[in-house]
Amino acid sequence: KQDVVALVHLRSLMFASMGSDVGGQDAAWRVAATRWFQEQLAQPQQFAGFVIDHPVDGVVSAALGSCDTRAPSPEDVRGAHGRVFNISTEPAHRRFGYAQACLTALLTWFQTDTRVRVVDLNATPDGAGMYQSAGFHESTFPSMRKLMQRLAES
């Protein structure tokens, strides 16, 4: 339970650093994220999270990743695909290599514990250098997004 609370908090820091309004502690997305993390942590073949647990301040950094299956492609015959998301560190604990250590552990998990061949992520300008040093590069075809309009979220 405590890890889930920390993961939701670090996720809110990540979104806030990207300019998103994360709302208060009772924001609907936080409640949904809490349930989602609880479910994902019970699926170690599909989801992994690596954290730095500071002796005084608790969980101060995390890197999370998940696997999914897609149609096979020339780059990925198996269709096993990885996604790195939510790399975040508490501001007071930045520049100590914590995010790099978490990312390295996550990439090791993808390499040794999954069938993933391709791993994607979205990078902020602050994180791009760390990802490039870990072997990530900009893809030929950029990611695009469309937000679907829905009448009411339940």
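**Helices, sheet and rings**

Reply: Helix α3 (residues 98–113) lies across β1, β2, β3 and β4, at about 30° to β2; helices (H or I, at least four residues) and strands (E, at least two) are DSSP runs numbered from the N terminus, and axes are lines fitted to C-alpha atoms, for helices over the stretch in contact (heavy atoms within 4.5 Å), with angles from 0 to 180 degrees between N-to-C directions. The model is predicted, with local features needing pLDDT of at least 70 and side-chain atom pairs pLDDT 80 or more, while totals for chains, interfaces and linings use all residues. Residues are numbered from 1 along each chain as its sequence is written, and side-chain values use heavy atoms, leaving out hydrogens and water.

Me: What order do the four strands have in the open sheet?

Reply: The order is β1-β2-β3-β4, with mixed pairing, where two strands pair if DSSP finds at least two bridges between them. The edge strands, each pairing on one side only, are β1 (47–54) and β4 (118–120).

Me: Switching to rings, how are Trp-36 and Phe-47 arranged?

Reply: Their aromatic pair is edge-to-face, at 5.7 Å centre to centre and 90° between the planes; rings of Phe, Tyr and Trp (its six-membered ring) pair with centres within 6.5 Å, and planes under 30 degrees apart count as stacked, over 60 as edge-to-face and the rest as tilted.

Me: Is Phe-47 buried or exposed?

Reply: Phe-47 is buried, with a relative accessible area of 4%, given that buried means under 20%, exposed over 50% and partly exposed in between (1.4 Å probe, protein chains only).
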